[in-house]
Structure formats: structure tokens, C-alpha cells
Amino acid sequence: MNSPLFSYPPVTNTSLSSTLLASVGPNNTSNSLIERIRVITSYIDDASERDLYNIFVDIIFDIFGRGSDKGWALDKLKTKISDEQKYICREPDSVYHFLSSSGHVFKLCYKLLSNNLLKFNVYFSDLPIELSRKIDKSFGQSYYGSRFLYHTDSVSPIGLNLNSFEFYIFHFAIYGLKLTSDEISNGNDGSNQVSVYKLLCLDYLKFFLPLDNSASLVLPQIQFNILSPIPKQNTTTSKLLNFIKKDVASNDLLNDNIISSYWMLTSEATWRSEVVAFFFADIWLNCNVLTNASFIDLTKLIRCFIKHLHLYSNCAKHQPVDNLKLILMARHGIQIYQYLSYYMVNWPQDFSFRLLLENWLCYIQPWRYDDSSKQPCSITELEMNDKWRIFIIRNLLCYTKLFYLAIKRFICIDVCSPRYSIMVYRMLKVFTHPYLLKMIIDIEHMYSSNQPQHKKWNTLLSECLVEAEGPSFKYELMFSKEHNSEYKLFYLKLQKSLDHVAVELCRYKEDQIGRNNSSMLELILTPRKNTMSDYSLNEWKDIETNLKSSLMFMEQIINVNVTTMPVMADLSTWSISGVSGNNTTSSILNKSQSLIQSFEHKTMNLSLRPVIHAKEWEIDPDYLEALSYENYYLVKLSKFLRNTVELYFNSHILHLSTENSVFAGVLRQALIRKPMKIFSYEPRNDGSGKRVRTPKILPPTISFRWMASYFNLSWILFLLTLTLVFNNTGFWIGLFYVMRIVYLCLKYLIGYAPPFKWDDIHEN
């Protein structure tokens, strides 16, 4: 599948195969890639600088492709990892070693870096349109500003002029935008398999951003003067390197050297590490600007990138000291926030939201990647304040605004599912850190009071807010009136969800008691009461456990606000068990009716949201995953049969659903499924952050989902057994179905099976 970013047709590059790889036939599918790597490797070792310069662009385009072409398809070359051991088949192994940080492709790049006049052009016509526009707008403001390529007759840039290392890393990062997934569940299939592209990403991060060494010691040591052919004059290094912003470390805040907006270079020896981090952040984290599609595979890579930045930054206080470790996370923090903020609102309303949630929780918990504080309780409040206060100030919106957006999102979905309930549990558990919310409220109070002794902190926070949201942004407190109303609705939702889970568990218990007291014949002939249940008994128990813990965590979050800085008088009713959380969950479930009524009628003068009692589907029920009473393979077969029937007979199905005839009436009762309505939740276009429920009508179709039920399978096997044992059974079964067809005809004649009218489907 091609990425939606590259809408133009792929450009086939034939110059490489015609000059360098003429001996490799196109029909040799088994060894063509291995042979191609062998030929390129020998050519890199033996060719002159001029010949390498002429073939370099062709090699890069052959690896990563041009346009929508994927070249060697690095994301499709899979490896198996078991017990931290890599098992790589022959072809992926050759590709990995050729492209690794110690492979021949970097040997080629370093050979061409020896001449600072050798540059390579990246034309905007070969890039996604939105990416080229974004780069064009960054004139004089970023790394791209000093590397624009101009036409002799135009003042507008037509591309970029990069050295060999930059050219390779740029196209490697661009390849990440081509990682698209057709199915949400693809990440669960073969979880021990990892693509060569992901392994290369991890290898580059570990090599150019080493945890146990300084980035300035990465071999071979190549100084920055090869980056530009412009000779050094009296200008300072900061003017030449206007893409690297000076960031404020903790030592700067303790001194008077407070915030400056100019740009500087940390070390001329770390330019490759900074280029790798810059391209990964600038291209991957801005994929939301390029398209509205969600990148499943790219989202997983972004989490690896964020995690490595945390690990790298937390090594700053260890030897050897590296200035880049002090500022790298702060440099890309705004881009990470903008990426998370955009997708927190625009991510599809499905289970893949778990990937974005993991990225968010990974970013806002830097203490998880600090060796000295592996456990939250192992760090004191003073140590928490000293180590992470600056990080929380810089990323305050990631804790306050994103938490509010996540709560609003979970209000709109059914949390009574194993995957959604664990999402809510994990999110709320993070915000019950012993000192996190207290520190956030203290920072907000410091910012709102604007006292002179807090000028340095407020200046830093103001600059971060302006850089993240713009100069007209007005910060809203985490526990403002509007936010508290949403928290109350979510609290009520958790309670009602627990009530629903209790009902489902009671059904299971009643059914189990009834079946224990039933005879063998009754067990065979009587369907189970929970045949329409979405989950198994163990899954319902897990949902109950998650929701109870989530309710307790939500109460602790509100209690922190009440005990630290009361915002509303009626919030005191929320304080029940205290921050310590020692009370049992039973105290939460036994709330007084007056408390619930106050929640329902005092939601900041907002209109009460309607409670939908009808069954609502986010997707077509025929395409749901196999339920507890269904066979997995028969579910797959039912989907295949329905797609096949719709492919060849869809027009006949639609005709029979509206035709006025006896034959059509019988089919409408026996085979054709009625048109139904499903719902999706989409954000409004007014920027309010609220969501609207959008209905969609599914046309009539023939459903084969019934054949996957174990109950129906039992009946079919029972009838087949009777037919084989008794000779006359087939006659009586046939007579039964003839009588049933006559009965359906009579129902149609008296008006019980009229043609389907889609206009009659209205939302209740």
C-alpha cells in the first residue's frame, strides 16, 4: 500500500540498474537484492570519488524509492527476535548490515564528505506537497534556511542542497512517511517480528545518540566545517548554525543567565547526532501537518524516538558530560506536544488510539527512564522538584490540556471493553503519582500570581506557551470550571459503566446457576442467556477491576485539587478517601444518592447529555472480532462469504429489498438483513473540541455471521446426526422448512414483511 502523502505516480529510476547492476537480472527475485548489495559494496570499495558522486543519488533512490515507490521495501523485510536474539534470514540480514551505522552506505557518505564542495539536490517536486510547503515557509528560521536550492531565474527555492550524510538521513526519515497499515490489528500479528526499517532506526539512535558515551566521540570524528562550502569569516558559529536553538538547562535557571532566543551550536563534533535527531523530529512529528491519516507503524517508531530521547537526556549528569544531552529533549519538546495535541483530537475513534496514548504517557513520565528512580515511591518530593520541575514547566500543556482532551475523548466512547478500560486505567494511574499533580497546581498558582520572586520560572513558562500555541493563547487552569464539569461527567460515566458491568456479571452468575441445575437435554436444547454478551466472564471481571481502580484514581485526582487549592465549593463533596487511597473500592461504590444527584444537576449550568440506551455500533456488527460464543475461523469465513456475495449480487440484493413480490418478501424475512444505522464520533469544525455523533446507514445485505455461533453449529450437527441415524428424518426436516416458507409467505401477504424503506431509519 502506498502512503497517501505521495499521490503522484512513482518515478522509476533505471540509471542505477543500467550502469552498476547490469549483471543482475530483473527476474532473479530470490537473489536480486543480495546480488545488488554485493555489487554496490564492491563498487564503493573500488570506485573513485568522482564515480561515487555520480552514482550516489541513484543508490539512495534505489534503496528508499522515489515518490510513492518504496525501493527495497525496508518495512516488509521482517526479522524475528526471541530472548533478545535476532534471527534474520539471508536477505534482510544483508540489507541490515549494508545500511547499519557501520555499514557500507555510511562508508560511502563519509568518502563524499571529505570534499566539502560535493552537494546533492533534493527537489521539492520529489517530496509530498505539504512537506515542500512546510520547508519553504521555514526560510531563515530553521536548519533548512541555509540549504535552499535556487534556480538561476527565480528567487523562490526549488529544493535543498545537502551533503551526502544529510541527503541519506533526510531520505531515510522521509521513508517513515510511507509506512501505512491497512489494518489496526497488524501490530498484534507476529509480535516477535520486527522490520529492518525499525531495527535501523534503533541502530541509528543508539549509535549517534549514545547513552554511555558523548556524541562528540562518535567515529569517525568529522568536524562541522564540511557542512557548508562557505568559508568562515568573522561571523560567529551561531549565525552559520541558525537551526539549533539554545535551550535553558537547570544551571541557567539557577543563575542569572536567563532565557535568550538566539541560536547556537552545542559542539562542532556533534553535528551528525543533531542532524539525525532534527530530521526524525521535524519529519515524523509533523506528519499531522502533511495528512489527516493516522500512521500506525510510524506512531510506534515515534515512541521509540521519544523513549530514546528520555534515556539520552537522563544520562546528562553522568560521565562523560555532553551538552547535547542537556538540551536535546527541550529542543524537540514543542514539536512533540504539537504532534500529541493534534492527534488527541483527530485520531480515529478506534482501539488504535492506544498507540497515541502510549506515546503521550511515555513522554510525560521522564522519571521512568531514570535509573535512580525506577519506582515512583522511591523518590522524595524534594528530589522530584529538583529533577523534574523544569521539564514539567516546559511541558505543562502536555499534563493539563492533553489530560483534559483525553477525558473528553473517553466521555464519548464506551469504556466497558477490555481495551478501553485498560486505557483509562493506565492514564489515570499516571496522574496519581505522589507528587505530580501537587507540582502542577503549584506551577499554575505561581504563574497566575506572577510574583517577582518567580520571574524566571514564569518567563520560561510564558515562552514555552507562546511557542507551543501562539501569542494569542490564554492558558486555562487544569481544574478550571469548564474542566471540572467534564471531570464530573467522566466520573459519572465510570459509575454508570460499573453498574452495567455488574448487570452483565449477574447475568453470567444466573445463567451459571441455571445451567448447573439443568439436565443434559436442557443444556443441549436451551440457548445460553448470555449469547449476546460482547465478552467472556473473565473479560467482564477484568473490566470491573479496571473501572473500579479508575474510579478510585479519578477520586484521588480530584482530592489533590481540593486539598491543595480549592476551586469550587461543591468540590469538597468529592473528597472521600483522601490522597493516600487507603480506603477500599467499596467506599467508592456506596456513594450516597444525593452526591450523584448533585453531580447530575450542578454541572456548571451545562445541559445534561442524553443517555443512549439503544445498542450502538462503531463498525458493522458483521465485521466485529470473534466473540466468546463464536468460532474464530467461521467468523473469517462469514466475512469472506458476505464480501463475495456483495461483489457479485449486491444489485440484486438491493432490488429484492425494495421489490413488492412474494419471493422478495420471503427473502427479506429469511436472508436479507435490514438496513441499520451505525455511529461515529467526530470533532466539530468550530475548534471547541466537542464531538458530534455522525450516523451512517448500512444498506441491506446478506449476513452469514449466524453460522459462526456454537449454538447454531450444535443444532446443525444434531440435525445431521438424526438424518444419518433415522431414514425418515430428512423428510420431516424438509417438510418443516416447506411449512416455514409457507408461513413466511402468509406473513408477507398480510403485510408483515413490507419493502425496506431507508428513510424510516431515524435516530432516537
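Helix 13 and helix 14 are roughly antiparallel to each other (angles over 145 degrees count as such), packing at about 150° with their axes 9 Å apart. The model is predicted, so local features need pLDDT of at least 70 and side-chain atom pairs count only at pLDDT 80 or more, while totals for chains, interfaces and linings use all residues. Residues are numbered from 1 along each chain as its sequence is written, and side-chain values use heavy atoms, with hydrogens and water left out.

**Helix 13 and helix 14**

- Helix 13 spans residues 296-314 and helix 14 spans residues 323-346; helices are DSSP runs (H or I, at least four residues) numbered from the N terminus.
- Axes are lines fitted to C-alpha atoms over the stretch in contact, with angles from 0 to 180 degrees between N-to-C directions.
- The two helices cross in a left-handed sense, meaning that the near helix is turned anticlockwise from the far one by less than a right angle.
- Contact (heavy atoms within 4.5 Å) involves Thr299, Ile302, Ile306, Leu309, His310, Tyr312 and Ser313 of helix 13, and Leu324, Lys325, Leu328, Met329, Ile336 and Tyr339 of helix 14.
- That contact has 9 nonpolar, 3 polar and 1 charged residues, where Ala, Val, Leu, Ile, Met, Phe, Trp, Tyr, Cys and Pro count as nonpolar, Asp, Glu, Lys and Arg as charged, and the others, Gly among them, as polar.

**Helix 14 and helix 15**

- Helix 15 (residues 353-363) packs with helix 14 at about 150°, the axes being 11 Å apart, and the pair is therefore roughly antiparallel.
- This crossing is left-handed.
- Helix 14 contributes Met329, Gly333, Ile336, Tyr339, Leu340, Tyr343 and Met344 to the contact, and helix 15 contributes Phe353, Leu356, Asn359, Trp360 and Tyr363.
- The classes are 10 nonpolar, 2 polar and no charged residues.

**Helix 16 and helix 20**

- Arg389, Ile390, Ile393 and Arg394 of helix 16 meet Trp457, Leu460, Leu461 and Cys464 of helix 20.
- This contact divides into 6 nonpolar, no polar and 2 charged residues.

**Largest cavity**

- A cavity is a set of points on a 1 Å grid over the protein atoms alone where a 1.4 Å probe fits but cannot get out; lining residues have an atom within 4 Å of a point.
- The largest cavity holds about 70 Å³ of space.
- Among its 13 lining residues, Arg394, Asn395, Leu396, Leu397 and Ala468 are the closest to the centre.
- Helix 20 gives the most to this lining, with 4 residues.

Key
Parallel < 35°, antiparallel > 145°, perpendicular 65-115°, else oblique. 1 Å grid on protein atoms, 1.4 Å probe; cavity = no way out; pocket = protein on both sides within 12 Å on 5 of 7 lines; lining within 4 Å. Points joined across faces, edges and corners; volume = space filled by probe spheres on them.
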